[in-house]
Amino acid sequence: MRLLLVEDDEMIGETIVEAMHQTGYAIDWARDAREAELSLLHDLYDLVMLDLGLPKGDGLEVLDLYRRRGGNTPVIILTARDAVQSRIDGLDSGADDYLVKPFDLEELSARIRALLRRRIGQANPVYTHGDLALNPITHEATLQGRPLSLVPREFSLLQILIEEPSRVYTRSELEEKLYGWGEEVGSNAIQVHIHSLRRKLGADRIETVRGVGYRLQRLA
């Protein structure tokens, strides 16, 4: 999953970015309102974490502009503004959740997981596809009840595929979801990860749709 953090406080930003990397998310970090607006132009993100007090503008203005352009990515407001009216304004402007600073990183992670599940209509925190199961909370995956040993990038790739198993993802779409700004992406990086997953899951578990991309094997 690829996230966008909009935050001007260096200490808070570094802490959140590190926590999201450890969780396995790709994350980009915009430090002012203008950079946030530019980052949101192409709707690359699965979720946005948005501070309100920003240089070069206000977070609510960024959110309002994004929603008026038709952007529908889930947005969590992260702010020190704890007045009830501020929360009402944030939610009425199009935010999906509102978290007051200081907050616990585990709570932030739980709220992110909940919004990502809601986005694809998944109520259960554990994703299943046939005898394959994946738990983003514990970072555990099993096949026929047996644990799979996956490196973080493999786990993230499998999560993308299992969340929408009928969807065919192009290589560029997978790169956008797996890698953030400044991360080097080898020309065959996705193929390498797919090959590794096939070795662990079975060669037929991930289908190649010729000329398009990849998806999980269709169930009978």
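Colleague: Which residue in β6 is the bridge partner of valine 48?
Modeller: The partner of valine 48 is valine 75 in β6. This is a predicted model, where local features need pLDDT of at least 70 and side-chain atom pairs count only at pLDDT 80 or more, while totals for chains, interfaces and linings use all residues. Residues are numbered from 1 along each chain as its sequence is written, and side-chain values use heavy atoms, with hydrogens and water left out.

Colleague: What makes β3 and β6 a pair of strands?
Modeller: Two strands pair if DSSP finds at least two bridges between them. Strand β3 (residues 47-50) and strand β6 (residues 75-79) have three bridges, in the parallel sense, so they count as paired. Strands here are DSSP runs of E with at least two residues, and helices are runs of H or I with at least four, numbered from the N terminus.

Colleague: Which sheet do the two strands belong to?
Modeller: They sit in an open sheet of five strands, ordered β2-β1-β3-β6-β7, with parallel pairing.

Colleague: Why are β2 and β7 called edge strands?
Modeller: β2 (26-30) and β7 (97-100) each pair on one side only, so they are the edges. From one strand to the next, the twist averages 20 degrees. Helix α3 (residues 59-68) packs on this sheet, touching β3 and β6, and its direction makes about 170 degrees with that of β6. Such angles run from 0 to 180 degrees between N-to-C directions, using axes fitted to C-alpha atoms, for helices over the stretch in contact. Another helix, α5, lies across β1 (2-6), β3, β6 and β7, running at about 175 degrees to β7.

Colleague: Why is serine 109 called buried?
Modeller: Serine 109 belongs to helix α5 (residues 105-119). Buried means under 20% relative accessible area, exposed over 50%, and partly exposed in between, with a 1.4 Å probe and protein chains only. Serine 109 has 7% relative accessibility, so it counts as buried. Not counting residues up to four places away in sequence, serine 109 touches Met20 and Thr23, where contact means heavy atoms within 4.5 Å.

Colleague: What does the UniProt annotation covering residues 124-218 say?
Modeller: The unreviewed UniProt entry labels that stretch "DNA-binding region". UniProt positions are given in the numbering used here, feature names are shortened, and annotations may be inferred rather than shown by experiment. Over residues 124-218 the chain is 35% helix and 23% strand, with the end C-alpha atoms 21 Å apart.

Colleague: What is the order of strands in the antiparallel sheet?
Modeller: Four strands form an open sheet, in the order β8-β9-β10-β11. Its edges are β8 (127-129) and β11 (146-148), each pairing on one side only. Neighbouring strands are turned by 25 degrees against each other on average, direction ignored. Helix α6 (residues 152-163) packs on this sheet, touching β8, β9 and β10 (140-143), and makes about 115 degrees with the direction of β9.

Colleague: What makes β12 and β13 a pair?
Modeller: Strand β12 (residues 206-209) and strand β13 (residues 213-216) share four bridges in the antiparallel sense, so they pass the pairing rule. One of the bridges joins threonine 208 to tyrosine 214. The two strands form a hairpin with three residues between them, and glycine 211 in the turn has a positive phi of about 80 degrees.
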